[in-house]
Protein chains: 2
Amino acid sequence: MFAQKGFDATSLSEVGAAAGVSRGTPGYFFGSKSELYQAVLERCFAEVREAVRSGRERALASGQTPGAILAGAVSDYFGFLAARPNFIRLIEREALNGSPQHEELDHLSAGQEALAAISAELGLDDSRSDDAAQLLLSIIALCWFHLIHARTVAPAVGVTLEDAEDLERRRRHVVGLVLNGVAGLERPLASTLTQSLGND
Amino acid sequence: MFAQKGFDATSLSEVGAAAGVSRGTPGYFFGSKSELYQAVLERCFAEVREAVRSGRERALASGQTPGAILAGAVSDYFGFLAARPNFIRLIEREALNGSPQHEELDHLSAGQEALAAISAELGLDDSRSDDAAQLLLSIIALCWFHLIHARTVAPAVGVTLEDAEDLERRRRHVVGLVLNGVAGLERPLASTLTQSLGND
DNA sequence: CGTAACTTGCTGAACAGCAAGCAAGCCACC
DNA sequence: GGTGGCTTGCTTGCTGTTCAGCAAGTTACG
């Protein structure tokens, strides 16, 4: 309920009703509303942390090419986020309400390490380590954005995200874009294009 | 205030105080709180619509190569969104609170047309028109996501977005990624990579 | 075994606080 | 005088929190 309606719009009586108990019971167990919210956040993060841990070893297991590994990882992450709408919504709300940065998000550093390894394998030296971080942020953005804006921005630009097929189409596009992205890291763009940035 | 704190967390007395009037005045002028919110939304959208209109003709003006035009457009859109945090936050909140889709967002169809034109110039036939829509959604995601998560996801993956220089670095990365994306549309990925999607 | 003391899970009423909305009223200005 | 812009008091409803209390269960003890 916090994920779907937000903190303010969720009353403890509603929570109690949804749990089949009375108004006072949530307060009885959790002390206050914000403590309940904190507990929800923690439980949700713990679940994600666990899922990341269990999926991590499988990621870099088979001796595929770096590109294929990356494609699989991005594809997996795409599905991972799609399967956890509440997690995404909670973090989104936290971000909007300006929470003082969550250390709980450092499960993402796992992805950072993985991508750094892939970058190394792709032959990028350390001077390009920022590129890897930027790319990782882009991967997350691409796997994340359409989940929030499936009914706002996506239909406005002509992308429907209603059934599994639509989602699959989106997944393929994202993976392809990322793969082209690392290809571009190996072989930087024609400078004639990148120079056209300065126009405003 | 609606953009920064959300609808529920913003009281009409705060609005009045911020406007230098008393607590009843917002209600006097706008009827109710939700009508005020609607007016805010409309005004914000109108401003964006106007900015899009004025920037649109400039976009396809000079006879540059399609790639350079696209690079400039993406770069411009990146700055465009970065300059309108309230607009982004409002839409983000709308998306989170499940508003029944805003027809106001169809100013994005302008981008759709523009991208379709570029796609045509790049030699993509109509059977790939979905690719253009997908790419446009990705462009928006890439220009948008870091603005919301500058203090949550971005630092967690090692991307700082504190000063203009950080933002410029991000802009370059996004433009490069998109340019590689259209390059990938022209010349589809090696099928060996795209076939590695099915693993779960 | 039986009973008393005590804990636990939960209730529902009371409380104070704040919200939006309404209506009457104030007041400068035409 | 009256009219429009704005304020202020009031009402109503909902909120989170507290608290006395209750029923069931558990333990301590004779």
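Chain A is built from helices: its secondary structure comes to 11 helices and zero strands. From the N terminus on, the order of elements is α-α-α-α-α-α-α-α-α-α-α. This is a predicted model. Chain A has 200 residues, and buried residues make up 35% of them. Among contacts with a separation of 6 or more, 66% join residues 24 or more positions apart.

Now bring in the second protein chain. Chain B can be laid on chain A with an RMSD of 0.2 Å. The same surface serves both copies, as 98% of the contact residues of chain B recur in chain A.

Next comes the contact between the two chains. Chain B gives 66 residues to it, and chain A gives 65 residues. On the side of chain B that touches chain A, at least two residues each come from α5 (66–82), α6 (85–96), α7 (108–122), α8 (129–148), α9 (153–156), α10 (164–186) and α11 (191–194) of chain B. The largest share belongs to α8(B), with 13 residues. By type, this side of chain B divides into 30 nonpolar, 24 polar and 12 charged residues.

Consider one of these helices, α6(B). This helix has 12 residues. From its first C-alpha to its last it reaches 16 Å, close to the 16 Å expected at 1.5 Å a residue. Its buried residues are Arg89(B), Leu90(B), Ile91(B), Glu92(B), Arg93(B), Glu94(B), Ala95(B) and Leu96(B). After the helix comes Gly98(B), whose phi is positive, near 60°.

Further along, Asp106(B) lies in the loop between α6 and α7 of chain B. Is Asp106(B) buried or partly exposed? Asp106(B) is partly exposed, because 13 other C-beta atoms lie within 10 Å, while a buried residue needs 20 or more. Asp106(B) and Leu179(B) are 73 residues apart in sequence. In space, their C-alpha atoms are 24 Å apart.

Turn to the nonpolar interior. In soluble globular proteins, nonpolar side chains tend to be buried together. Here the largest nonpolar core has 89 residues. Those with the most contacts inside it are Val74(A), Val157(A), Val178(A), Val74(B) and Val178(B).

Val157(A) reaches across to the other chain. Leaving aside its neighbours within four places in sequence, Val157(A) is in contact with Leu108(B), Gly111(B), Gln112(B), Ala133(B), Leu136(B), Leu137(B) and Ile140(B). Then comes Gly158(A), in the loop between α9 (153–156) and α10 (164–186) of chain A. Gly158(A) touches Gln112(B) and Ala133(B), not counting residues up to four places away in sequence. Gly158(A) is partly exposed, with 18 other C-beta atoms within 10 Å.

What of the loop between α9 and α10 in chain B? Val159(B) lies there. Val159(B) is buried, because 23 other C-beta atoms lie within 10 Å. Beyond its neighbours within four places in sequence, Val159(B) is in contact with Ala133(A), Gln134(A), Leu137(A), Ala154(B) and Arg170(B). Ile139(B) is 20 residues from Val159(B) along the chain, and their C-alpha atoms are separated by 19 Å.

The model also holds DNA.

DNA strand D has 14 residues around it. Nearest are Ser32(A), Val21(B), Ser22(B), Gly24(B) and Thr25(B). The elements that give two or more residues to this surface are α2 (12–19) of chain A and α3 (25–30) of chain B. The surface near DNA strand D has three nonpolar, eight polar and three charged residues.

Key:
Residues numbered from 1 in each chain as written. Chains lettered and ligands numbered in written order. Predicted model: local features only at pLDDT ≥ 70, side-chain atom pairs only at ≥ 80, totals over all residues. Least-squares fit on C-alpha atoms with pLDDT ≥ 70 in both. Contact = placed C-beta atoms within 7 Å. Near = placed C-beta within 6 Å. Helix = DSSP H or I, 4+ residues; strand = E, 2+ residues; numbered from the N terminus. Nonpolar A, V, L, I, M, F, W, Y, C, P; charged D, E, K, R; others polar. Expected span 1.5 Å × (residues − 1). Buried ≥ 20, exposed ≤ 12 C-beta atoms within 10 Å, placed from the backbone. Core = buried A, V, L, I, M, F, W, Y, C linked by C-beta atoms within 7 Å.
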